[in-house]
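Trainee: Hello! Could you walk me through this model and show me how to read its features?
Mentor: Gladly, let us look at it together.

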Amino acid sequence: MRLAEAKICGLSDRQTVADALAYGAAFIGFVTFPKSPRHILPADAKPLAKMAAGMARTVSVVVDPDDALLDQVMSELGPDFLQVQGKESPERCAAIRARGVGIIRAFGISEREDLEQIKPYLGVVDYVLFDAKAPKGADRPGGLGHVFDWTILQGFQCPVPWFLSGGLNPENVAAAVRRTGAPLVDVSSGVEAAPGLKDRGRIASFMQALND
């Protein structure tokens, strides 16, 4: 039995999408954010997302998207979920969800009190994602490969399904899941050979680490 289901994020080519699917990823993610080394346009992600039909759910990762970007993502990519990674309010999340797409709301975590952030979002998001809080001055809110203190999550009963993210890799993911009880994990830089360049062997090792 697998310890947790996984999302492989920041995919940008057919081979690595095929690898993620072959090794059993439950979600695959595409980042549309120009400051990210994993940036991909929705139209370019569409044929990659089609590869996941019947195998995994597709996620478009965006940061404080305006309506024009949402229109583009929905019409050109049509993901199962939008992962919002910025400062989107509960009201904004509800408005996005009303477009007929699921919502994953990401939160930066550095102390136990940060978990309180999720309360206003209950009922308007499908999943929450806990990532390491970006350091002051960072040009990206996530995807930085930083680990936060997993003990923050020990004993926490999240009312909605949730992802653990932040610095996960093949070497630490099993321990992270056992320590936090995370039902879902999210990885990007931890399965890369270089920023934005996914590595088949590391994807395989990551997914293998989740198997009992």
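Mentor: Let us begin with a term. A crossover is right-handed if, with the strands pointing away from the viewer, the path from the first strand over the helix to the second runs clockwise. Here, β3, helix α3 (residues 67-76) and β4 form a right-handed β-α-β unit. Another right-handed β-α-β unit is made by β2, helix α2 (residues 42-50) and β3. Please keep in mind that this is a predicted model.

Trainee: What do the strands form together, and in which sense do they pair?

Mentor: The general idea comes before the case. Strands of a sheet pair through backbone hydrogen bonds, either parallel or antiparallel. In this model, eight strands make a closed barrel in the order β1-β2-β3-β4-β5-β6-β7-β8, and the pairing is parallel. On average, neighbouring strands of this sheet are turned by 25° against each other, direction ignored.

Trainee: How many bridges join strand β2 to β3?

Mentor: Strand β2 (residues 27-31) and β3 run parallel and are joined by five bridges. On to the next neighbour: β3 pairs in the parallel sense with strand β4 (residues 81-84) over four bridges. There, valine 61 stands opposite glutamine 83 in β4.

Trainee: Is strand β3 largely enclosed or open?

Mentor: Strand β3 (residues 57-62) is largely enclosed by the rest of the structure, because five of its six residues are buried. Strand β6 is mostly covered as well, with six of its six residues buried.

Trainee: Which strands does β6 pair with?

Mentor: Six bridges connect β5 and β6, which run parallel. Among the facing residues, glycine 108 is opposite aspartate 131 in β6. Strand β6 (residues 127-132) also pairs in the parallel sense with strand β7 (residues 162-164), over three bridges. Look for valine 128 opposite tryptophan 162 in β7, and for leucine 129, whose bridge partner in β7 is phenylalanine 163.

Trainee: Now the helices. At what angle do the axes of α2 and α3 cross?

Mentor: Two packed helices are described by the angle between their axes and the distance between the axes. In this model, the axes of α2 and α3 come within 9 Å and cross at roughly 30°. Angles under 35 degrees count as roughly parallel, so α2 is roughly parallel to α3. The crossing of α2 past α3 is right-handed. Where they meet, Pro42, Ala43 and Lys46 in α2 face Gln72, Val73 and Glu76 in α3 as contacts.

Trainee: Which strands does helix α6 lie across?

Mentor: Helix α6 (residues 200-209) lies across β1 (5-8) and β8 (184-187), and runs at about 160° to β1.

Trainee: What is the phi of aspartate 64?

Mentor: Most residues other than glycine have a negative phi, and most peptide bonds are trans. Aspartate 64 has a positive phi of about 45°, although it is not a glycine. You will find aspartate 64 in the loop between β3 and α3. With 43% relative accessibility, aspartate 64 counts as partly exposed.

Trainee: Is leucine 115 buried or exposed?

Mentor: Leucine 115 counts as buried, because its relative accessibility is 3%, and buried means under 20%. The residue lies in the loop between β5 (102-109) and β6. Not counting residues up to four places away in sequence, leucine 115 touches Ile109, Phe130, Ile152, Leu153 and Phe156. Take isoleucine 152: it is 37 residues from leucine 115 along the chain, and their C-alpha atoms are separated by 8.7 Å.

Trainee: And where is arginine 105 found?

Mentor: Arginine 105 is in strand β5. Its relative accessible area is 6%, so arginine 105 is buried. Leaving aside neighbours within four places in sequence, its contacts include Val84, Gly86, Lys87, Glu88 and Cys93. Tyr121, Val125, Tyr127, Val128 and Leu129 are also in contact with arginine 105. Between arginine 105 and valine 84, 21 residues apart along the chain, the C-alpha separation is 5.2 Å.

Technical notes
Residues numbered from 1 in each chain as written. Predicted model: local features only at pLDDT ≥ 70, side-chain atom pairs only at ≥ 80, totals over all residues. Heavy atoms only, no water. Pairing = 2+ DSSP bridges. Helix = DSSP H or I, 4+ residues; strand = E, 2+ residues; numbered from the N terminus. Axes fitted to C-alpha atoms, helices over the stretch in contact; angles between N-to-C directions. Contact = heavy atoms within 4.5 Å. Buried < 20%, exposed > 50% of the residue type's maximum accessible area, 1.4 Å probe, protein only. Parallel < 35°, antiparallel > 145°, perpendicular 65-115°, else oblique. Left-handed = near helix turned anticlockwise from the far one by under 90°.
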